Amino acid sequence: MGDPIIQLDHVFKTFQTRSGPVHALDDVSLDFERGDISAVIGQSGAGKSTLVRLINGLEQPTSGTVAVLGTDISRFTERSLRPLRADIGMIFQQFNLFNSRTVYDNIAYPLKLARWSKADERARVTELLSFVGLTERAWTHPDQLSGGQKQRVGIARALATRPTILLADESTSALDPETTSDVLGLLQRINAELGVTVIVITHEMEVVRSIADKVSVLEHGTLIETGPTREIFAHPGSGTTRRFLSTIIGQHPGPRSWPGCAPRIRTPPWSTCPASTPPSSGWPWPSWAASSGSPSGSSTAASSRSAAGPSGNYTVALTGEPDDVADAARRLAAVAGDSNAENSNTEREDA
Amino acid sequence: MDWETLKPVYLDAIWQTLFMSAVTLVVGGILGLVLGIILFATRGGGLLANRPLNLVLNVIVNIVRPIPFIIFMTAIGPLTLKVVGTTIGVAAATFPLCIAATFAMSRIVEQNLVTVDPGVIEAARAMGAGPWRILFDVVAREALGPLVLGYTYVLIAIVDMTAIAGAIGGGGLGQFAIQYGYQRFNWTVTLIAVVTIIIIVQAAQFAGNALARKAMRR
Ligand SMILES: Nc1ncnc2c1ncn2[C@@H]1O[C@H](COP(=O)(O)OP(=O)(O)OP(=O)(O)O)[C@@H](O)[C@H]1O
Ligand SMILES: [Mg+2]
């Protein structure tokens, strides 16, 4: 495979609690590729936070190895982990900002730890403030910021020492949908512009859909599925994955997981992009759409079978004369009407 | 005794009380901060978790702290004699004051530090900060507002303890009130001593509140 930057090999993590041992991670072997945005999804208590905390040594595995940037850190002492931690940024659900420090000083703190000179520090903090769009708020304290602004400070602070890896543990779970997409957009920019490998922990499929290249599904400490987001969406191998997918049925696919498809389409799960041939099984696809007449259709569609029969939805990009497009849209809506009219809303993009 | 003769004694007593309180606040405050931080850090799951040490320190603090100061002061008399050379006077009173204040302060420090959000500590760890750095730079700093209020509370307890120390020969306003007021049935002198102590306490509380407000920015 490619170029794994983090390798977990047969990792077990057991916590001893008063009510007996808790197996937070149970034989997890998983690689994260350099330059990817990888997501780890799972229900509460699945072991996601434990997994991500192994990567920067906040937890040590009970057995197995955790290799980060080529070094096995699973037996490192707290002291020997410190240089590595400067190379791994981390952001948190509750932001965990220093309330006693200004926004500026929060971002500068890791640089102080790394003994940057005052001049370098000022230049770096200024650069980061503008990157996250908080230049005006430099001298305010975190308790005067909105949730989204706080997380942007958290991101700037995590990026201060130019880390290679960014760990995001439920970094958007405390935010509203709009702020969530702002923050996710920022994570994408960090990945694309700065080349940072991003690992996102989440229990929201929406987060996976919008930014992840790869996704791994954890359940009760076990890795039940892992692979490229598109493949997992198309062929979910487990009930848990399908349940997660069902939480976002009816939404558009992310531009990232679906390159080259315009306009946005969507459905979990989907099978082709773009469909050169009409989707076959289970879809009432009108015959005229198959031929590339006028209007021409580029489509994506999904087919998945569950107990209730085929489910999912599809989005079609129609190009042609406005009247033809409108007519085609009407006819498609009529076909879709008997299943779920709601899903047949049309997005128009005049060519 | 007329006021002309008493006045220099009175002013001396004020100065002694302020001196004892200030020295105790600084010495007991610093030692108490360190002991409190160690109590906090050595707790199970703490930054420097060390169960045996934590247990020993807790037992010591729990033994010393509840002893009434007047008894504590006489009980450690032999130690005071060894360290200071005498058991009478301001210096001899300041020694037990510092010890008592250290133990009182350590608990208050510990109580305030446990309220600091563990997530903030985790964030600092994730950045690669060492445990001592986190304790002073992050934990103590995040708890600064409540800590200042804790110091104010202890300062007032210290002023109170200096008065007790004065009653058994420690000097200061306590001794002034007992010697020239109580023992000579001069109620005016007692009242003057009491009012002076009240003014000192009020000033301390006022300054402490102002500082805490500044630390907490509200
Ligand atoms: N320090 C700890 N001591 C004891 N048990 C722990 C500890 N940390 C985690 N656990 C247990 O390990 C399991 C996995 O926890 P973890 O925090 O990794 O789950 P998670 O997937 O992040 O859940 P959530 O979505 O709620 O954050 C849970 O059962 C949890 O109770
Ligand atoms: Mg978690």
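Q: Which residue forms a salt bridge with R85(A), and how far apart are the closest N and O atoms?
A: A salt bridge pairs a side-chain nitrogen of Lys or Arg with a carboxyl oxygen of Asp or Glu. In this model, which is predicted, R85(A) has E78(A) as its partner, and the closest N and O atoms of the two are 3.0 Å apart.

Q: How many residues apart in helix α7 of chain A are R209(A) and E206(A)?
A: R209(A) and E206(A) are three residues apart in helix α7 (residues 205-211) of chain A, which means that about one helical turn separates them. Their side chains meet in a salt bridge, with a distance of 2.9 Å from N to O. R209(A) is buried, at 9% relative accessible area, while E206(A) is partly exposed, at 27%.

Q: Which residue of chain B forms a salt bridge with R43(B)?
A: That partner is E110(B), and the closest N and O atoms of the pair are 3.2 Å apart. Because E110(B) belongs to helix α5 (residues 90-113) of chain B and R43(B) to the loop between α1 (3-41) and α2 (51-64), the pair ties together parts that are 67 residues apart in sequence. E110(B) is buried, with a relative accessible area of 8%, and R43(B) is partly exposed, with 35%.

Q: Which residues are linked with K13(A) in a network of salt bridges?
A: The network links K13(A) with R53(A), E59(A) and E122(B). K13(A) itself lies in strand β1 of chain A and counts as buried, at 11% relative accessibility. Its side chain also reaches the backbone oxygen of Q60(A) at 2.6 Å, and the residues in contact with K13(A), leaving aside neighbours within four places in sequence, include V22(A), L25(A), T50(A) and P61(A).

Q: How many residues surround ligand 1, and which are the closest?
A: The shell around ligand 1 holds 13 residues, of which S44(A), G45(A), K48(A), S49(A) and T50(A) are the closest. These shell residues divide into four nonpolar, seven polar and two charged, and the largest share, three residues, comes from α1(A).

Q: Where does an oxygen atom of ligand 1 lie 2.6 Å from an N or O atom of a side chain?
A: That side chain belongs to T50(A), while a polar backbone atom of G45(A) is 2.8 Å from an oxygen atom of ligand 1. Taken alone, ligand 1 exposes 640 Å², and the protein buries 62% of that.

Notes: Residues numbered from 1 in each chain as written. Chains lettered and ligands numbered in written order. Predicted model: local features only at pLDDT ≥ 70, side-chain atom pairs only at ≥ 80, totals over all residues. Heavy atoms only, no water. Near = heavy atom within 4 Å. Polar contact = N/O pair within 3.5 Å; in protein donor to acceptor, adjacent residues only side chain to side chain. Areas by Shrake-Rupley, 256 points an atom, 1.4 Å probe, with all protein chains shown as cover. Helix = DSSP H or I, 4+ residues; strand = E, 2+ residues; numbered from the N terminus. Nonpolar A, V, L, I, M, F, W, Y, C, P; charged D, E, K, R; others polar. Buried < 20%, exposed > 50% of the residue type's maximum accessible area, 1.4 Å probe, protein only. Contact = heavy atoms within 4.5 Å. Salt bridge = Lys/Arg side-chain N within 4 Å of Asp/Glu carboxyl O.
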